[in-house]
Amino acid sequence: MKRFLYIFFLILPIGLIAQDLPTFIKENYTKRIHRIPMTDGTKLYTHVYIPKDASPNKKYPMVMMRTCYSIAPYDETSFPARLGPSETMVREKYIFVHQDVRGRWMSEGTWTNMTPNNPGNGKNIPPDESSDTYDTVDWLVKNIPHNNGRVGQWGGSYPGFYTTAGTIDAHPALKASSPQAPIADFFFDDFHHNGAFTQAYLFTFPVFGKQHNGPTPTAWYTEQNIDKKTRDGYQFHYELGSLKHVAEKYYKDNFYWKETVEHPNYDEFWQKRNILPHLKNIKPATMVVGGWFDAEDLYGPLNTYKAIRKQNPNKKNNSIVMGPFDHGGWGRERGQTMHTSVYFGDSIATFYQRNIEAKFFRHYLKEIGDGKTGLPEAYMFDTGAKKWGEFDQWPPKEATKLKFYLSEDGKLKKKAPSKEAHSEFISDPLKPVPYTEDITTTMGFTARNYMSEDQRFAARRPDVLVFETDVLTEDITLAGEIINKLMVSTSQSDADWIVKLIDVYPPDEPDHAYMPHKNITLSNYHQMVRSEIMRGRFRNSFEKPEPFVSNKKTEVKFALQDVYHTFKKGHKIQIQVQSTWFPLFDRNPQKYVDNIYKAEDSDFVKALHKVFNDSYIEVDILK
């Protein structure tokens with residue numbers, strides 16, 4: 001079952017709301033600082049913001065966010081510009097709790113990336129994020145005045161992981177949990193995609209790879225920040241050469257870089273940091289939130305929701321929301337909802353905050369909490385039709401499978417080929433295909449804009465294969481999973497494979513009123529809809545990589561992340577296939593080496609790659 005919801009509502013001018021919120025917080029909340037003891041004696045630094053009108057006759061639920069990114073300001077008289085998930089919830093009033101996780105900022109303990117989960121909680125079990133959440137909730141309900149005994153948790157990105165972890169062996173008072181853009185597994189999310197290193201994350205390692213010397217309100221890792229000496233990100237990464245030079249030049253004592261280099265395959269180190277297998281017997285109501293254009297964490301929300309659904313088959317209060325947002329975009333109101341040059345509508349973030357998020361927490365924390373929220377299990381935004389859809393599950397059970405074959409004549413065909421043929425290209429890691437034309441975005445904390453960026457620049461390169469349909473004579477809606485089965489060969493012994501799903505606009509597509517770049521037009525715009533990389537050595541096992549046999553036809557099968565997108569009549573569906581995507585991901589030498597992080601510059605060689613015409617892309621189609 002589905003039905004579409006259109007957004008027709010007016011809101012106050014965004015600027016006026018934002019200006020008044022800090023004043024409202026100061027006038028209506030009292031700030032308290034606590035150092036909450038964990039079972040092992042470690043104290044976690046915590047801010048609690050209590051509505052001033054809380055009393056024995058007016059109790060409030062608590063909404064908690066645990067983070068590794070600081071809960072500043074740290075003095076008792078200063079307040080943050082915002083509390084909790086949204087302004088809507090601040091004005092409705094909850095007791096908001098912000099906590100530095102162990103080993104970060106003002107909390108005690110030792111920091112661990114993606115803390116491995118230890119099933120169960122108690123004195124004889126090593127602490128993890130589940131037990132720290134349990135201990136925190138237990139202390140809060142017993143010590144914070146005028147709470148109603150119900151707790152909700154939320155967090156985006158890394159705090160999304162902490163929120164997910166909190167649902168495992170959860171405290172009985174934790175009633176509602178919303179992991180937002182949650183990290184799930186660093187070998188497939190954020191720092192890697194299918195084992196390929198996300199080189200665009202290189203500048204983030206100081207934040208994640210240096211321990212503090214004890215509780216501190218100031219950043220302790222900045223001495224490791226890279227002095228780039230250029231504003232051209234492509235050039236910086238290119239001149240760096242092989243990744244073996246990173247430790248030589250920048251990260252000699254960065255523990256997370258050392259861990260990354262020493263664990264190039266999906267071994268026990270990474271496997272035990274995967275939170276998904278632990279999502280069993282989940283008691284709190286869950287609402288997983290993500291953005292279709294989240295360049296950091298798209299794998300996380302989709303697979304967190306699916307893991308909870310699969311491993312808790314009788315759970316009725318597990319849901320997912322996916323909107324037309326970049327990383328965390330649902331938490332920020334910008335008026336016109338845009339991603340790169342694509343306009344989706346007005347105030348979609350505010351619609352989500354008021355009509356979805358606030359409704360979820362209100363029901364479970366203030367109201368009866370019986371699960372009858374009025375919200376669907378899957379609240380998904382169609383990024384082509386530009387409207388919300390409601391589904392009983394995701395992917396929709398009514399979706400059907402359709403295959404598009406990559407024909408040697410550059411066409412996407414629904415019929416399997418009758419005889420073998422292929423397309424081919426030369427891949428040169430010394431002249432890698434850029435992932436973006438915006439060189440400034442390669443210099444920030446992480447990449448952002450490429451997820452819907454115009455792909456004409458790539459389609460016109462000789463080392464990018466292009467396959468597309470004829471002009472569509474009717475709308476076609478993709479809703480669900482995408483599987484690539486490439487039949488390929490290489491003249492060398494290793495290769496990466498990148499597949500991109502593109503919506504090609506018609507030549508007469510009008511520009512909208514909010515076009516951000518004067519040199520971009522929507523005429524023939526090649527909108528990225530979905531994309532993914534597969535490190536070819538992992539085609540049979542992420543634990544045990546293996547080289548290709550030179551010039552032997554070989555299957556490489558992998559998934560793109562899910563999609564909900566209507567390709568409109570007059571548009572075309574396009575697939576691009578390439579082998580470099582730089583510097584979003586590191587370059588494969590194409591000559592097999594045991595550890596690409598330790599490859600020599602001389603290991604990088606050209607290769608002739610072939611893509612055979614029995615390769616196909618399988619999609620879920622919604623009638």
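By class, how many nonpolar, polar and charged residues does the lining of the second largest cavity have?

Guide: Happy to! Keep in mind that this is a predicted model. The lining of the second largest cavity has 8 nonpolar, 2 polar and 3 charged residues. That makes 13 residues lining the second largest cavity, and the ones nearest its centre are Tyr69, Asp190, Tyr201, Phe208 and Glu296. As for volume, the second largest cavity comes to about 70 Å³.

How do you find a space like that? Rolling a probe the size of a water molecule over the atoms shows where empty space is left. Here, the count is 6 cavities of 30 Å³ or more. The largest cavity has a volume of about 80 Å³. Its lining also has 13 residues, with His193, Asp294, Leu298, Glu532 and Gln561 closest to the centre. Sort the lining of the largest cavity by class and you get 5 nonpolar, 3 polar and 5 charged residues.

Now for a pocket, and a residue you've already met. Tyr69 is among the residues nearest the centre of the second largest cavity, and Tyr69 turns up again near the centre of the largest pocket, along with Met65, Trp154, Gly156 and Pro159. The largest pocket has a volume of about 710 Å³, and 28 residues line it. Strand 4 (60-67), strand 6 (147-156) and helix 11 (348-365) each give two or more residues to that lining. By class, the pocket lining has 12 nonpolar, 11 polar and 5 charged residues.

On the helix 3 side, Glu129, Ser130 and Thr133 make the contact, while helix 4 brings Phe161, Tyr162, Ala165 and Gly166. Those contact residues divide into 3 nonpolar, 3 polar and 1 charged.

Last, step back and take in the whole chain. The protein chain has 12 helices and 26 strands. Its C-alpha trace spans about 80 × 55 × 50 Å along the principal axes. With 623 residues, a compact globule would have a radius of gyration near 25 Å, and the protein chain agrees with that, as it has 25 Å.

Terms used
Residues are numbered from 1 along each chain as its sequence is written. This is a predicted model: local features need pLDDT of at least 70, side-chain atom pairs count only at pLDDT 80 or more; totals for chains, interfaces and linings use all residues. Side-chain values use heavy atoms; hydrogens and water are left out. Contact means heavy atoms within 4.5 Å. Helices (H or I, at least four residues) and strands (E, at least two) are DSSP runs, numbered from the N terminus. Ala, Val, Leu, Ile, Met, Phe, Trp, Tyr, Cys and Pro count as nonpolar, Asp, Glu, Lys and Arg as charged, and the others, Gly among them, as polar. On a 1 Å grid over the protein atoms alone, a cavity is a set of points where a 1.4 Å probe fits but cannot get out, and a pocket is an open set with protein on both sides within 12 Å along at least five of seven lines; lining residues have an atom within 4 Å of a point. Grid points are joined across faces, edges and corners, and a volume is the space filled by probe spheres set on the points. The radius of gyration is taken over C-alpha atoms; the globule rule is 2.2 Å times the number of residues to the power 0.38.
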